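Subject: Structure for you to look at

Dear colleague,

I am handing over the structure below, and after it you will find what turned up when it was examined. Please keep it open beside this message as you read.

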2 protein chains.
Amino acid sequence: MGYFDAASAVPLHPVARQALLASLDEGWADPARLYREGRKARMLLDAAREAAAEAVGCRADELAFTSSGTRAVHAGVAGALAGRRRVGRHLIVSAVEHSSVLHSAEVLEADGGTVTQVPVNRAGLVDPAGYAAALRPDTALACLQSANHEVGTVQPVGEVAELCRAAGVPLLVDAAQSLAWGPVEGDWSLLAASAHKWGGPSGVGLLVVRKGVRFAAQGPVDERESGRAPGFEDIPAIVAAAASLRAVRAQAAQEAVRLRELTERIRARVPQTVADVEVVGDPERRLPGIVTFSCLYVDGEALLHELDREGFSVSSGSSCTSSTLTPSHVLKAMGVLSEGNVRVSLPAGVAEEDVERFLAVLPGAVSGVREKLGAPTAPAVQAGPRELLVDSLGKRCPIPVIELAKAFGGVPVGGTVRVLSDDEAARLDIPAWCEMRGQEYVGEEPADNGTAYVVRRTR
Amino acid sequence: MGYFDAASAVPLHPVARQALLASLDEGWADPARLYREGRKARMLLDAAREAAAEAVGCRADELAFTSSGTRAVHAGVAGALAGRRRVGRHLIVSAVEHSSVLHSAEVLEADGGTVTQVPVNRAGLVDPAGYAAALRPDTALACLQSANHEVGTVQPVGEVAELCRAAGVPLLVDAAQSLAWGPVEGDWSLLAASAHKWGGPSGVGLLVVRKGVRFAAQGPVDERESGRAPGFEDIPAIVAAAASLRAVRAQAAQEAVRLRELTERIRARVPQTVADVEVVGDPERRLPGIVTFSCLYVDGEALLHELDREGFSVSSGSSCTSSTLTPSHVLKAMGVLSEGNVRVSLPAGVAEEDVERFLAVLPGAVSGVREKLGAPTAPAVQAGPRELLVDSLGKRCPIPVIELAKAFGGVPVGGTVRVLSDDEAARLDIPAWCEMRGQEYVGEEPADNGTAYVVRRTR
């Protein structure tokens with residue numbers, strides 16, 4: 001099996017399946033009821049809460065089960081902001097947070113609050129100094145992921161938590177990608193996570209709110225889950241989620257070493273076997289199972305399609321794979337190439353042969369897509385006008401970059417090419433092409449129906 | 001098995017279990033992804049949506065799966081109100097709606113909107129004229145349950161929908177209690193329901209928004225479920241929910257007849273075998289499986305405890321079984337006795353013998369509780385002062401009513417008893433006692449540390 005999209009979801013862990021089946025008969029009743037069936041359900045729920053709290057490293061009464069990681073983030077951000085409404089309505093997030101955090105930030109902004117996005121470097125890494133600089137007297141909350149979901153970069157949560165703690169600001173950690181590997185370091189205040197990332201069922205998230213953190217649940221509430229997650233608990237799913245968290249944690253140290261070696265192999269081999277590839281994300285501070293790269297002159301959706309035909313399931317942050325036709329906000333914030341983007345996220349237990357087979361198949365898949373698109377192989381070197389205009393209006397990623405590359409040989413060193421494009425990905429990919437090719441990106445200018453991106457030939 | 005709390009939750013239907021197990025292997029991936037595993041998940045989700053829509057009687061693209069019935073109500077009310085924000089911020093609900101509707105109404109009120117509660121009669125039935133009178137030019141939404149969850153009374157949804165339609169106001173129907181029995185009649189605009197009421201897993205609700213209904217989802221949203229239910233879908237649970245809805249519907253007509261006969265038997269026999277019982281809820285317009293009664297001089301929690309010891313699981317709307325120590329808002333709105341309240345809600349397939357055994361056990365359980373509480377058996381008839389004061393301050397339901405009954409024989413016909421009480425249930429139960437005993441309830445007056453309830457002896 002070539003399912004390499006573990007950062008999205010993984011199949012149910014055998015231990016989760018077993019726990020789910022075992023609790024279907026005992027966990028269906030209302031745990032708030034005092035009769036037999038209710039008491040059994042309550043016992044299962046309590047035991048699952050204890051187990052999950054132990055894995056998180058918190059008290060059981062600090063942990064609520066939500067219906068997804070997304071819901072945990074939504075409820076956590078809204079509740080923490082409301083709990084500190086008197087302090088102010090300023091929220092700090094990193095530029096590479098999961099969409100559930102960014103959507104929560106949009107809601108705050110639409111409601112009159114303010115949001116500071118802390119930038120990341122080209123590896124997707126947050127600088128704690130960025131958080132320090134963003135903290136204000138009216139800051140109600142800061143959010144930082146433990147690790148990035150698209151490129152695997154592990155964030156300095158401990159340092160940021162310390163800065164926030166010193167400023168009296170709670171830090172919410174989106175631990176969706178890392179909780180399977182171990183507890184989150186540092187003195188954070190709130191934590192959100194999602195069970196289907198660690199082999200639990202979909203439909204279970206965790207929201208942890210440390211004692212002493214001001215929290216006011218928003219929206220209609222009921223008495224379930226400390227008033228933090230309304231609606232009847234899905235106890236069999238919760239039991240399965242807690243059981244699989246324990247199970248994956250028991251293997252985490254060993255499996256992390258194995259997966260890290262496999263992703264290291266991909267990081268090293270792909271640039272050797274595929275031309276014009278940029279491997280993105282921090283090479284050191286990274287999750288064991290995620291590796292992400294972008295391929296110049298490649299249509300991400302076509303490449304995913306090719307890989308799917310070969311039996312590999314991966315995801316992409318390319319604009320063509322997004323319903324909004326914009327590149328992933330993570331790749332944008334990093335300022336890296338977005339075309340032909342592939343995220344490989346290996347599930348625990350993945351077979352080494354499958355990774356090897358992927359590495360064997362990838363070069364052909366990439367060159368197949370490039371051929372279909374008529375990507376340039378080597379730039380033609382010929383004298384021509386000092387200024388050239390490439391009209392790529394109406395054409396989508398990766399065509400504008402391909403047309404730039406094809407025309408580029410036509411100008412002499414010192415000459416410029418202006419690419420007219422109305423594709424959002426060009427803004428990211430033309431500078432990235434310059435970086436990869438050692439050419440000078442002059443900048444962008446407004447143009448009729450789009451934007452002109454100006455590149456100067458330096459060699 | 002004596003599990004008689006089907007209105008709260010029922011065990012997983014065998015068909016649901018089968019569907020859940022069958023889809024665990026195919027339904028775990030992200031249905032938004034284009035690769036193999038994602039496409040399989042999408043197919044399962046689409047098929048479940050078609051099946052659920054057919055059972056509801058709506059188009060598949062009008063139906064979103066939520067993480068619970070409660071969430072469906074919260075999202076439905078908030079979205080419908082926001083969609084008609086320009087029209088106004090007035091909401092109409094019945095006084096006997098589920099707490100999820102009333103909590104949503106509280107959120108609107110806290111945010112500056114207004115809410116009209118349409119009253120019910122002593123049987124818990126809404127009068128459509130009440131909705132007609134409540135409709136205003138600034139009414140954004142009306143809500144009405146298809147049937148009441150505590151007493152089983154079936155509401156005139158069709159008539160209310162017609163009135164709302166004529167006024168251009170959308171009607172949201174909370175169909176949680178009735179959807180297992182059949183589609184909701186009439187021209188409603190939104191509908192919410194909950195799978196664990198019909199043998200599906202917990203963690204699945206339905207929100208239907210008819211085409212043409214203005215709807216603006218509130219809070220942070222994502223692209224899942226038409227933007228109406230953020231968070232990764234739990235597809236195996238959704239598949240199981242849809243499968244069990246079809247399964248229970250196939251048996252609904254036949255099972256309704258059988259359960260109706262069994263609840264009719266309880267309605268008729270309990271007043272014959274237990275003294276001082278009030279059977280509540282509409283005797284005709286009612287769900288097949290629910291029957292509710294209240295027992296004078298009985299502590300609801302103690303009675304539930306006795307019944308649990310005998311192997312019967314029922315619920316109660318008595319104040320002593322509530323965390324807030326107030327009687328159920330449904331019983332309050334109906335103005336019926338709340339002490340010693342028992343809701344029997346029979347699950348489909350319940351054995352006739354179990355119902356017979358319940359009827360055999362109940363009288364002893366009730367008299368056991370009454371004995372422990374020292375409830376009066378017959379009023380002592382003796383001359384005494386024309387006015388008597390009973391100080392029940394600090395005593396909880398059913399003690400104030402018991403003390404009233406014991407003292408009552410001490411005043412002559414025409415005399416009055418004043419009961420001092422700070423228990424919320426007394427406000428409901430003392431008038432109900434008067435009604436049952438044919439005595440005159442004079443009214444209530446503020447008193448030190450509580451309220452004085454005045455009763456005049458008329459016979």
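**Cavities**

The structure, which is a predicted model, holds three cavities of 30 Å³ or more. In general terms, rolling a probe the size of a water molecule over the atoms shows where empty space is left. Sorted by class, the lining of the largest cavity comprises 16 nonpolar, eight polar and two charged residues.

The second largest cavity holds about 190 Å³ of space, and of the 18 residues that line it, those closest to its centre are Thr66(B), Ser67(B), Phe232(B), Glu233(B) and Asp234(B). The lining of this second largest cavity divides into six nonpolar, seven polar and five charged residues.

**How the two chains are related**

As a general point, two copies of a chain are related by a rotation about an axis and a shift along it. Here, chain B can be laid on chain A with an RMSD of 0.1 Å by a turn of 180° and a shift of 0.0 Å along the axis, and that is the relation of a two-fold axis. Within chain B, the residue that comes closest to the rotation axis is Ser67(B), whose C-alpha lies at 3.1 Å. Both copies use the same surface, in that 100% of the contact residues of chain B recur in chain A.

**Aromatic pairs**

Over all chains, a search of the whole structure finds twelve aromatic pairs. One of them is formed by Tyr3(A) and Trp28(B), whose ring centres are 4.6 Å apart and whose planes stand at 85°, so the pair is edge-to-face. Because Tyr3(A) lies in strand 1 (residues 2-3) of chain A, while Trp28(B) lies in the loop between helix 1 and helix 2 (36-56) of chain B, the pair joins two chains.

**Backbone details and a record**

Most residues other than glycine have a negative phi, and most peptide bonds are trans. Against that background, a cis peptide bond joins Cys397(A) and Pro398(A), with omega about 5°, and Pro398(A) has its place in the loop between strand 13 (387-391) and helix 11 (399-408) of chain A. In chain B, a cis peptide bond joins Cys397(B) and Pro398(B), again with omega about 5°, and Pro398(B) is found in the loop between strand 13 (387-391) and helix 11 (399-408) of that chain. Glu225(A), a residue other than glycine, has a positive phi near 45°, and Glu225(A) lies in the loop between strand 8 (205-209) and helix 7 of chain A.

Finally, an unreviewed UniProt entry places the feature "domain: UPF0033" at residues 390-414 of chain A. Over residues 390-414 the chain is 40% helix and 8% strand, and the end C-alpha atoms are 17 Å apart.

With best wishes

Terms used:
Residues numbered from 1 in each chain as written. Chains lettered and ligands numbered in written order. Predicted model: local features only at pLDDT ≥ 70, side-chain atom pairs only at ≥ 80, totals over all residues. Heavy atoms only, no water. 1 Å grid on protein atoms, 1.4 Å probe; cavity = no way out; pocket = protein on both sides within 12 Å on 5 of 7 lines; lining within 4 Å. Points joined across faces, edges and corners; volume = space filled by probe spheres on them. Nonpolar A, V, L, I, M, F, W, Y, C, P; charged D, E, K, R; others polar. Least-squares fit on C-alpha atoms with pLDDT ≥ 70 in both. Contact = heavy atoms within 4.5 Å. UniProt positions renumbered as here; feature names shortened; annotations may be inferred. Helix = DSSP H or I, 4+ residues; strand = E, 2+ residues; numbered from the N terminus. Phe/Tyr/Trp six-rings, centres within 6.5 Å; stacked < 30°, edge-to-face > 60°.
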